[in-house]
Amino acid sequence: MRLLTHNMLSSNIKGVINGFPLGIVVEKVIEKPVEMNPDFLKNMFAKIEWKALVDASRSMGYTELPEQADSSMLDSVDFLQRFHHALLELHLEEGALVCPETGRKFPVNKGIPNMLLHEDEV
Amino acid sequence: MASRPEIQAPPEIFYNDVEARKYTSSSRIIEIQAKLSERAMELLALPDDGVPRLLLDIGCGSGLSGETLSENGHNWIGLDISPSMLDIALEREAEGDLLLGDMGQGLGLRPGVIDGAISISAVQWLCNADKSSHEPRLRLKAFFGSLYRCLARGARAVFQVYPESIAQRELILSSAMRAGFAGGVVVDYPHSSKSRKEYLVLSCGPPSVSSAVPSGKGEDGESASDDSSGDEDNRTVSISDRHRPKKKQKLNKRGKGREWVLRKKDQMRRKGNAVPPDSKYTARKRKSRF
């Protein structure tokens, strides 16, 4: 699972008001290089919750994202590369996602988070 | 004809390792899925500016439909309830991210982030209650409600569906409308029983030109095999219509005849049905005084 997806996911448990961002428990992280597309990054930037991305990338061991970011920084190739790496190249292979309110863990196996809820959580 | 998978078992059980493998090793299914997802992409009508979008593939299965999305250069997130299907998707090195989840529980996604959603042959599964806790109406409501929230303004969702009956189609459509979507059903090849395909085209946000329902293919008797030619002129709007007259049985004055009855009886016997034995009375007309 890439951090792009992590940045979109929120906990869906009944009664949870703010299920975003999900915490990350890391067991194994892998990197898969993909080609950078500046248009996509610029398009996505407005939709990304920056703080959540920074925190998530730190918990995955990547610390080169700046604390704050705004759209003027998108012209810098260096920034785009870091953004791209954090967003699309880091994969959480094994571990778990944690609901920020209830602490419920969604296990991640082979890169696939198990977001299935129990019957009493729907 | 094989019975519908929806009535055999819940999706996470029906698509077990064996079925998932079968599904993805059949070149026929792969071709159909690719065709369906290409048509869904077409109906999604994303702006043609070469910018990759973030799309959602609901019921992505082994990633066959996602492949089409990747080919078009988009990033996608796939959701499926069958772990076996997702395993195959990993094997096929699907480029999108995969999630194991149940669409009937609602999509746990942030509001307004997804640029479009497609779903190939999946939404009709929601009409089934596979567990005692399942209530199709509520599951459809949860699904469409959460989908409406996570789509960006003006984004579209295209679902290819196989509704079992008119009631099912109405149920799906009314749930979508209640969630706030505008749109309708597009039917390709409405007169063909085999290649007839239904697409639910939904758009969220205020009604605009873009929320008009696009037209279906092959309304004017254009045969399905011609669809690769993509004749634009032959496409007309065909919103499915329950008032359309049913096919009338052809009857001539003398009835169908003994030969026809014997052939039908034989056919039924081969299917293993209980059929009364043939005799001299078979297919004989009753006397009028009866």
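Q: What share of the contacts in chain B between residues at least 6 apart in sequence join residues at least 24 apart?
A: The share is 64%, where a contact means heavy atoms within 4.5 Å. This is a predicted model, in which local features need pLDDT of at least 70, side-chain atom pairs count only at pLDDT 80 or more, and totals for chains, interfaces and linings use all residues. Residues are numbered from 1 along each chain as its sequence is written, chains are lettered from A and ligands numbered from 1 in the order of writing, and side-chain values use heavy atoms, with hydrogens and water left out.

Q: How many helices and strands does chain B have?
A: Chain B has 8 helices and 7 strands, both being DSSP runs numbered from the N terminus (helices are H or I, at least four residues; strands are E, at least two). Of its 290 residues, 47% count as buried.

Q: Why does S121(B) count as buried?
A: Buried means under 20% relative accessible area, exposed over 50% and partly exposed in between (1.4 Å probe, protein chains only); S121(B) has 15% relative accessibility, so it counts as buried. This serine lies in the loop between strand 4 (114–120) and helix 6 (136–150) of chain B, and beyond four places in sequence it is in contact with Q33(B), L36(B), Q160(B) and Y162(B).

Q: What makes the pairing of the side chains of S121(B) and Q160(B) a polar contact?
A: Such a contact is a pair of N or O atoms within 3.5 Å, and within protein one must be able to donate a hydrogen and the other to accept it, while residues adjacent in sequence count only if both atoms are side-chain atoms. The two side chains make a polar contact at 2.6 Å.

Q: Why is K265(B) called buried?
A: Its relative accessibility is 13%, and therefore K265(B) counts as buried. The lysine is found in helix 8 (residues 257–270) of chain B, and, leaving aside neighbours within four places in sequence, it is in contact with V275(B), P276(B), P277(B), D278(B) and T282(B).

Q: Why is C99(A) called buried?
A: C99(A) has a relative accessible area of 2%, so it is buried. It sits in the loop between strand 2 and strand 3 (105–109) of chain A and touches S11(A), I13(A), V16(A), L22(A), R104(A) and F106(A), not counting residues up to four places away.

Q: What makes a space a cavity here, and how many of 30 Å³ or more are there?
A: On a 1 Å grid over the protein atoms alone, a cavity is a set of points where a 1.4 Å probe fits but cannot get out, whereas a pocket is an open set with protein on both sides within 12 Å along at least five of seven lines; lining residues have an atom within 4 Å of a point. By this rule there is 1 cavity of 30 Å³ or more. The largest cavity has a volume of about 140 Å³, and its 14 lining residues include M115(A), L79(B), G106(B), L107(B) and G108(B), which lie nearest its centre.

Q: Which element gives the most to the lining of the second largest pocket?
A: Helix 6 of chain B does, with 7 residues. That pocket holds about 830 Å³ of space and is lined by 38 residues, with N12(A), V122(A), Q105(B), G106(B) and A142(B) nearest its centre.

Technical notes. Grid points are joined across faces, edges and corners, and a volume is the space filled by probe spheres set on the points.
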